[in-house]
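The following note sets out numbered points for a colleague's review. Please read each point alongside the coordinates.

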Number of protein chains: 2
Amino acid sequence: MALSSVLATSCLPQTPQKQAVSVDLLITNSTIVTMDPNRCVIEAGQIAIRGDSIVALGPAPLLPKGTTAKQTIDAKGALVLPGFINGHTHAPMTLLRGLKDDVTLDVWLKNYIFPAEAKNVTEDFVRWGTRLAAAEMIRSGVTTFADMYYFEDALAEETKAAGMRGVLGESWLDFPVPDNKNEAEAAAYTAKFLKHWQGDPLIHAAVAPHSIYLCSQKTLHDAQALAQKYHAPILIHVAEIKKELDDSLAQNHATPVQYMDRIGFLGPDVIAAHCIWVDETDRKLLAEKGVGCVHNPSSNMMLASGVAPVVEERAAGVAVGLGTDGPAGSNNDLDLMEEMDLAAKLQKITKIDPRALGAQAVVEMATIEGAKAVHMEKEIGSLEPGKKADLILISLNEPNAVPMYDVYSQLAYTLKASDVQTVIIGGRAVMLDRKLLTLNEPEILAKAREYGKRVAASLVH
Amino acid sequence: MALSSVLATSCLPQTPQKQAVSVDLLITNSTIVTMDPNRCVIEAGQIAIRGDSIVALGPAPLLPKGTTAKQTIDAKGALVLPGFINGHTHAPMTLLRGLKDDVTLDVWLKNYIFPAEAKNVTEDFVRWGTRLAAAEMIRSGVTTFADMYYFEDALAEETKAAGMRGVLGESWLDFPVPDNKNEAEAAAYTAKFLKHWQGDPLIHAAVAPHSIYLCSQKTLHDAQALAQKYHAPILIHVAEIKKELDDSLAQNHATPVQYMDRIGFLGPDVIAAHCIWVDETDRKLLAEKGVGCVHNPSSNMMLASGVAPVVEERAAGVAVGLGTDGPAGSNNDLDLMEEMDLAAKLQKITKIDPRALGAQAVVEMATIEGAKAVHMEKEIGSLEPGKKADLILISLNEPNAVPMYDVYSQLAYTLKASDVQTVIIGGRAVMLDRKLLTLNEPEILAKAREYGKRVAASLVH
């Protein structure tokens, strides 16, 4: 009986360069966990980056003699892998982190979240909340995130300033929100937002109708039409809570997914957060229509929403990514590595089968499957020549990191956000040896504390 | 509606000193989360330590003018709380971290763990494994741990050298183990072990019959007799897997707990790991007999063992602590802060009720309830004058730590092992500003990697 270690996977160098070239960044001395279609793991590997893309990767020496690199990063034996994709969050809610936990969803929303948002959410709040979220996400190896909130244009500006990649959508709800009084305002805001960010290398502007229970059929259709006009993705919460299923069955005589299909809403532009209360027919529909799902195990456990049938969704051919959801009492952090660990453990215990969802599967969900779920698999999610240079270095130099028998096991179950050393997005280092390069951390911490006091005071009557 | 923030809890200074005295260590500028019977949280607090114990704590200024402190630690606004208690682990198995995951318990034990142990576990293995485990545990704020393994005397020596507090028991199984061929040898080893460590300030030597399914009734009685002779605690796995319950019902016509009660085994010296398959009668018995239970959510999820009825156990009056279990495919780390987070979330999702187990409850389980579970609540588990000075400083200076609306929420759901800055055990700093003071970390990492290669090679046929 041999260990099924994936440390020794041998892969041919990919598109080795024959002629001397110049590259902008060369990463050396790394164990490359490519997440490419063969799941190649390359030991003593190198990655060459030009502009915002990977031009070559493989075992050293990768580049022909005479090649020059403007910058070289010695990975010192670290794992290098595609940046994690946080497929569902509400970044500015980080300023409401743990505002109230351990209460029912209804009490939480009505007594705490909605009043806190009504009293405090401004463009300034969104900017500082996004900066705080970006700092935490970069520190935990997230390079791309999908977001639904308000003042999304300010959120996009801050995301770009932080050097992060974002799929960002202004939330539409059929009641007044901090920046829009009605659907017409939300539609006008979003049209301008989509136009403004078209062609941006980092920001994918999206349309984000909240859900079938907070958006009428007309709102959903308007959102869809706008998305189609601008070739933009659609972010939406789907089948998150049992009540959503029950109400849809009563009102639409169909599950949420089948209702959405009936009104022509499902398609390969849709990114569906949660997908908990979905039956076999729903899963087939999601796969057929190319809808991406995003699983949020922390949030689903914290709010007791239910357990998504992740194993069955994957088996049906649905791309399932991972998300943290917002940190205001439904997580309460933005740590995607914890979501990997939880996703596996939650399926195991729910199915009373330790084989249900394994280490490699959850690393896929955080990377290449996450990229598919947000419909960006041509750009990101794996380390391959031609793809964006979104990659992270994870140190193996802490007591919790040794020994290592299997690289996926280590990533899923033992390595922590704090082991992420360096983060590169589109060829640009945004964190180097745990130092953030695009964000003023002391200022962000001070502002977050200040907002914390202000929000707490606003809820005392 | 006001936030039920516990930041503002006001407490009287506890046993303020009236006369000038000299203290060995003074911790200043801290938010003290005492976990005392009133759950006092003291802002801008100070803690005075003499020898291995706390002599006073309270709001600054704590000590009368003229008091001198040999050493002062400025906590810089950090949270200070009792060190975490890891109520169940197998520390040297850290060298088998993630040896094999995602397989059934049977395959895992028979094909991987038992062969790996038979081929590799020596006294040297135990020493290096304990050092590695101690490094990881100290880094995550654990100051006391309960352990069941082999060569436990060497384990105790290394625990003491690391400056940690341990409840350590040599495992008894009714088959040959790496250091004992049979029960007679295990009994002789343990008698010597108990005698050797009597009265030690850090090491509580224990007796550790594995479980009712790997120990005969005679073995259990012999272990109990030895424990009683030396006033030692008894560590044992109880009702961990469904098969244990089913087999006990078939063979003993009683649940594991009721069988143990019938043979007179249960008492206030027993520390029962897991307690998953326990019914209402079992829970009453555990409470009545003063048995402590240790909940291991990561392990129980990873191995799909089942979900312990923690809420019902606590309601019945059972002291329930938290444990990591061993990290060889059943966790795979020694991070008790993750167990807090998981314990709460697992109860919520299982009961489909976000109120099921809250933040304060799981912080209790990691501290004062954990101390009760290992029968050491007079010494440790809370910060009170007269108790051992086992305490940790947790920084609030990272993006994941701000803002803070509720100190228990922050501890349970957002703060990480990497936020633990300083660890003091029995008045002695074992980690200061993330630097380990009692362990040679580079040497430990190198040895762990070496053992990793050796173990992997031993399993290739």
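**Notes on the two-chain model**

1. Chain B has 74 residues in contact with 74 residues of chain A, contact being taken as heavy atoms within 4.5 Å. The model is a predicted one, in which local features need pLDDT of at least 70 and side-chain atom pairs count only at pLDDT 80 or more, whereas totals for chains, interfaces and linings use all residues. Residues are numbered from 1 along each chain as its sequence is written, chains are lettered from A and ligands numbered from 1 in the order in which they are written, and side-chain values use heavy atoms, with hydrogens and water left out.

2. The size of an interface is often given as the accessible area lost when the parts come together. Between chain B and chain A the buried area is about 6000 Å², and carbon and sulfur atoms give 62% of it. Buried area here is the accessible area (1.4 Å probe) that two parts lose on being put together, summed over both.

3. One salt bridge pairs the side chains of K416(A) and E338(B), at 2.6 Å from N to O. Another is formed by the side chains of K416(B) and E338(A), with an N to O distance of 2.7 Å. The latter pair joins two chains, because K416(B) lies in the loop between α14 (407–414) and β15 (420–425) of chain B and E338(A) in helix α11 (residues 336–351) of chain A. Helices (H or I, at least four residues) and strands (E, at least two) are DSSP runs, numbered from the N terminus.

4. Two packed helices are described by the angle between their axes and the distance between the axes. In chain A, the axes of helix α12 (residues 359–366) and helix α14 (residues 407–414) come within 8 Å and cross at roughly 70 degrees. Axes are lines fitted to C-alpha atoms, for helices over the stretch in contact, and angles run from 0 to 180 degrees between N-to-C directions. The helices α12(A) and α14(A) are therefore roughly perpendicular to each other; angles under 35 degrees count as roughly parallel, over 145 as roughly antiparallel, 65 to 115 as roughly perpendicular and the rest as oblique.

5. The crossing of α12(A) and α14(A) is left-handed. A crossing has this hand if the near helix is turned anticlockwise from the far one by less than a right angle, and is right-handed if clockwise. On the α12(A) side the contact is made by A359(A), Q360(A), V362(A) and V363(A), and on the α14(A) side by Y408(A), S409(A), L411(A), A412(A) and Y413(A). These residues divide into seven nonpolar, two polar and no charged. Ala, Val, Leu, Ile, Met, Phe, Trp, Tyr, Cys and Pro count as nonpolar, Asp, Glu, Lys and Arg as charged, and the others, Gly among them, as polar.

6. Also in chain A, helix α4 (residues 183–197) packs with helix α5 (residues 217–229) at an angle of about 15 degrees, their axes being 11 Å apart. This makes α4(A) roughly parallel to α5(A), and the crossing is right-handed. The α4(A) residues in the contact are E183(A), A187(A), T190(A), A191(A) and L194(A), and those of α5(A) are K218(A), T219(A), D222(A) and L226(A). By class they comprise four nonpolar, two polar and three charged.

7. Most residues other than glycine have a negative phi, and most peptide bonds are trans. In chain A, V402(A) and P403(A) are joined by a cis peptide bond with omega about -15 degrees; P403(A) is in the loop between β14 (391–394) and α14. In chain B, a cis peptide bond with omega about -5 degrees joins A60(B) and P61(B), and P61(B) is in the loop between β3 (53–59) and β4 (68–74). K76(B), although not a glycine, has a positive phi of about 50 degrees and lies in the loop between β4 and β5 (79–82) of chain B.

How values were computed: Salt bridge = Lys/Arg side-chain N within 4 Å of Asp/Glu carboxyl O.
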